[in-house]
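Please look over the sequence and the structure first.

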Amino acid sequence: MTNEQKLNEELAYALSKKAHHGQKYGGHDYFKRHVLGVADNFSPKCEATNQENYNCIKCGIELERNYSNPRCASYDHEAYIVALLHDVVEDSHVTDSVIFNLFGHKISHAVELLTRETKTHYDLYIEALTHYPLARKVKIADLEFHLSQPVKKNQAKYEKALAYLKAVK
């Protein structure tokens, strides 16, 4: 990982944390529960499932008993940043132009596509994501996170969208 990539990840993390300050996901802190829950799918560090199984839960590589978080095979720098920022514009006063100025076109375009306007029909919103792989993969992780929660609000809609996005190659 280059110094620039590390700085961009730290900036996205800090911006998202500040933008979501005080917001809740159920009874939990929105940033810690939801944003990091989605971003962890693309994070640079491997994670063991438990003390008996030392395979990374994301990429499956075998980890040493006293592992020091090696680079994960599922690591995706751009997707990690987009995942950190995926709800920032929709849920705060941060604008698309701020994201563009800080992270450039590729990241800002993905975040823009992930930002659903309330007047946009959900099916059209999902369809637009199929044309941009970076946004699509983050939305897949977002939907999987929502569907993994105990209370599955909009379950049928999310399952349909997830199946549709996964079917696109």
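Which helices do the buried residues of H6 pack against? They pack against helix H3 (77–85), helix H4 (88–91), H5, helix H7 (122–129) and helix H8 (133–148).

## Basis of the model

This is a predicted model, in which local features need pLDDT of at least 70 and side-chain atom pairs count only at pLDDT 80 or more, while totals for chains, interfaces and linings use all residues. Residues are numbered from 1 along each chain as its sequence is written, and side-chain values use heavy atoms, with hydrogens and water left out.

## Overall make-up

The protein has nine helices and two strands. Helices (H or I, at least four residues) and strands (E, at least two) are DSSP runs, numbered from the N terminus. Along the sequence the pattern reads α-β-β-α-α-α-α-α-α-α-α.

Of the 169 residues in the protein, 41% are buried. Buried means under 20% relative accessible area, exposed means over 50%, and partly exposed lies in between (1.4 Å probe, protein chains only). Among the contacts with a separation of 6 or more, 56% are between residues 24 or more positions apart. A contact means heavy atoms within 4.5 Å.

The buried residues of H6 are Ile107, Ser108, Ala110, Val111, Leu113 and Leu114. Lys106 is also found in helix H6, but Lys106 is partly exposed, with a relative accessible area of 42%. Leaving aside residues up to four places away in sequence, Lys106 touches Glu78, Tyr132 and Leu134. Lys106 and Glu78 are 28 residues apart in sequence, and their C-alpha atoms are 8.5 Å apart in space.

Two packed helices are described by the angle between their axes and the distance between the axes. The axes of helix H5 (residues 96–103) and helix H6 (residues 105–114) come within 7 Å and cross at roughly 155 degrees. Here axes are lines fitted to C-alpha atoms, for helices over the stretch in contact, and angles run from 0 to 180 degrees between N-to-C directions. H5 and H6 are therefore roughly antiparallel to each other. Angles under 35 degrees count as roughly parallel, over 145 as roughly antiparallel, 65 to 115 as roughly perpendicular and the rest as oblique. The residues that make the contact are Asp96, Ile99, Phe100 and Phe103 of H5, with His105, Ile107, Ser108, Val111 and Glu112 of H6. By class, five of these residues are nonpolar, two are polar and two are charged. Ala, Val, Leu, Ile, Met, Phe, Trp, Tyr, Cys and Pro count as nonpolar, Asp, Glu, Lys and Arg as charged, and the others, Gly among them, as polar.

## Helices H2 and H3

What is the angle at which the axes of H2 and H3 cross? They cross at roughly 160 degrees and come within 8 Å. H2 and H3 are therefore roughly antiparallel to each other. Val35, Leu36, Val38 and Ala39 of H2 meet Tyr80, Ala83 and Leu84 of H3 in this contact. The contact of H2 with H3 has seven nonpolar, no polar and no charged residues.

## Aromatic pairs

A pair of aromatic rings is described by the distance of the centres and the angle of the planes. Rings of Phe, Tyr and Trp (its six-membered ring) pair if their centres lie within 6.5 Å; planes under 30 degrees apart count as stacked, over 60 as edge-to-face and the rest as tilted. This rule gives five aromatic pairs. Tyr13 and Phe31 form an edge-to-face pair, with 5.0 Å centre to centre and 90 degrees between the planes. Tyr13 lies in helix H1 (residues 3–19) and Phe31 in helix H2 (residues 30–39), 18 residues apart. Tyr13 is partly exposed at 33% relative accessible area, whereas Phe31 is buried at 3%.

Tyr122 and Tyr158 form a tilted pair, with 6.4 Å centre to centre and 45 degrees between the planes. This pair links helix H7 to helix H9 (residues 155–167) across 36 residues. Both Tyr122 and Tyr158 are buried. Ring pairs also link Tyr25, Tyr30 and Phe145 into a cluster.

## Two loop residues

His93 is in the loop between H4 and H5 and is exposed, with a relative accessible area of 82%. The C-alpha atoms of His93 and Ala19 are separated by 7.5 Å, although the two residues are 74 residues apart along the chain.

Asn154 is in the loop between H8 and H9 and is partly exposed, at 36% relative accessibility. Phi of Asn154 is near 60 degrees, a positive value in a residue other than glycine. Most residues other than glycine have a negative phi.
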